[in-house]
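I am opening my notebook on a protein model. I will go through it one topic at a time and write down what I look up.

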Amino acid sequence: MKTGNLMFVAGVLGIAALAAVMTRASWTSGGATVQGSARPRVISVELAKAERKSVPVDVDSIGTVTPISSVALKSRLETTIVQVHFDDGARVNEGDVLFTLDARQIDAQIEQAEGMLAKDQASLEGAQRDVRRFSDLIGKGATTQVNLDNSKTQADVLIGTIKADQSALDNLKVQKSYTVIRAPFSGRISAANVKVGNFVRPADTAPLAVINQMAPVYVTFAIPQRVLVDLRDAMGRGESKVIATIPGHQRSEDGKVAMVENAVDSTTGMITVRGIMSNESETLWPGILVNTKLVIRTEEAVTVPTAAVQRSQNGNYVFIMQDGKAHVQPVNVSRTFQGISVIGSGLSGGEDVVTDGQLLLSEGTPIAPRTARAGA
């Protein structure tokens, strides 16, 4: 029994050895494949140059457009509107006639004042003739000194009366000038709150219309107090610049800083800045919110695309290509600007930095550049 079992086991072992010899080629070639797959794989990445160029030091904020001059037109007389000379919302120039008011009552008063003036002037001429006559007669002893003195007094009184008449007439002419309302400066006028035939008076609270100056205009915004020192230095050098852009549009206006508020808001740590914009094309409209960019200065710095900067527990770093391999380079990012990062230290410019494909990289990984994707 034992002999039979031994023979069976020996037969099985013999068959297994024969099968191993016959399949040796296949399992040895499979081992070569596994060994070949263990070699490092080359990673395809996108590269960009680290550039040294001038970049602005700026601060972004939200600003409000306000007119430099704004006037509410009101009547200085109690009268009615005879004519409106503008279209609602139209552009007006300095000196344009806007409203004509009823002046008939003032015209009558002016004629009355002119009549009083003419009467007193005629009386003055008579009094002056009396003075000349009494002067001749007193030399001949034909009259008394009292008559001469009285005639001189009468002439002096009439001179004063004429001055009063002339002043009253001038005042009425000034009052009449109020019946024609003109634009004090160029700008845009609002809709007329009153039309022809309406009675107006100085006590009315609502203005006849409002004119806003459109060019130039102010843009008011707030910046952090940490920027104040650099801003004042830039203003002293004449280098400050303000760019105002309408949200959702590419149209913008450039200007300069016109005023910095004299105190920082202690509750927010912000300070108000006002820029003045030429706005010749009337891009900026009073009252709208705009995106403002305060450019304090420009400086030379090394820049890379922001997509190249990676972050870890030890700080920021970028992958650069050296001899066909990825190298981890720690960097210090000063700030970002329009999709680029300004490198304070770590790069000197001219390095090839990886902008896409960093997830597959580590120190020493073989890499090969590829063409950037369309729209990247």
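Predicted model: local features only at pLDDT ≥ 70, side-chain atom pairs only at ≥ 80, totals over all residues.

I number residues from 1 along each chain as its sequence is written, and side-chain values use heavy atoms, with hydrogens and water left out.

Strand β12 (residues 241-245) and β15 pair in the antiparallel sense, and I noted five bridges. Two strands pair if DSSP finds at least two bridges between them. The names come from DSSP runs numbered from the N terminus: helices are H or I with at least four residues, and strands are E with at least two.

β12 also pairs with strand β13 (residues 252-260), again antiparallel, over four bridges. Here T245 stands opposite S252 in β13. The hairpin of β12 and β13 has six residues between the strands, and G248 takes a positive phi near 85 degrees in it.

**Another hairpin**

I then turned to strand β19 (residues 332-337) and strand β20 (residues 340-345), which run antiparallel and are joined by five bridges. T336 has S341 of β20 opposite. What sits between these strands? The hairpin of β19 and β20 has two residues there, and Q338 takes a positive phi near 50 degrees.

**Strand β1 and its partners**

Strand β1 (residues 43-49) pairs with strand β22 (residues 367-369) in the parallel sense, over three bridges. In that pair I43 stands opposite I367 of β22. β1 also pairs with strand β21 (residues 352-356), this time in the antiparallel sense over four bridges. I looked up E46 and found its bridge partner in β21 to be D356.

**The open sheet**

I wrote down an open sheet of four strands in the order β7-β6-β4-β9, with antiparallel pairing. Its edge strands are β7 (180-182) and β9 (199-200), each of which pairs on one side only. Strand β6 (residues 97-101) is joined to β7 by three bridges, and F99 stands opposite I181 in β7.

**The largest pocket**

Rolling a probe the size of a water molecule over the atoms shows where empty space is left. A pocket is an open set of points on a 1 Å grid over the protein atoms alone, where a 1.4 Å probe fits and protein lies on both sides within 12 Å along at least five of seven lines; lining residues have an atom within 4 Å of a point. Grid points are joined across faces, edges and corners, and the volume is the space filled by probe spheres set on the points.

How big is the volume of the largest pocket? I noted about 190 Å³. Its lining residues include L77, D102, R104, Q109, L172 and F199. β4 (79-84), α3 (104-140) and α4 (145-177) each supply at least two lining residues. α3 gives the most, with four. By class, I counted four nonpolar, five polar and three charged residues in the lining. Ala, Val, Leu, Ile, Met, Phe, Trp, Tyr, Cys and Pro count as nonpolar, Asp, Glu, Lys and Arg as charged, and the others, Gly among them, as polar.

**Single residues**

K119 is in helix α3. Is K119 buried or exposed? K119 counts as exposed because its relative accessibility is 52%. The cut-offs are under 20% relative accessible area for buried, over 50% for exposed, and partly exposed in between (1.4 Å probe, protein chains only).

E282 has a positive phi of about 55 degrees although it is not a glycine. E282 lies in the loop between β14 (270-277) and β15 (289-305), and counts as buried at 13% relative accessibility. D323 is not a glycine and also has a positive phi of about 55 degrees. D323 belongs to the loop between β17 (315-322) and β18 (325-330), and counts as exposed at 81% relative accessibility.

Last, I checked the peptide bond from A215 to P216, which is cis with omega near -5 degrees. P216 is in the loop between β10 (209-212) and β11 (217-224).
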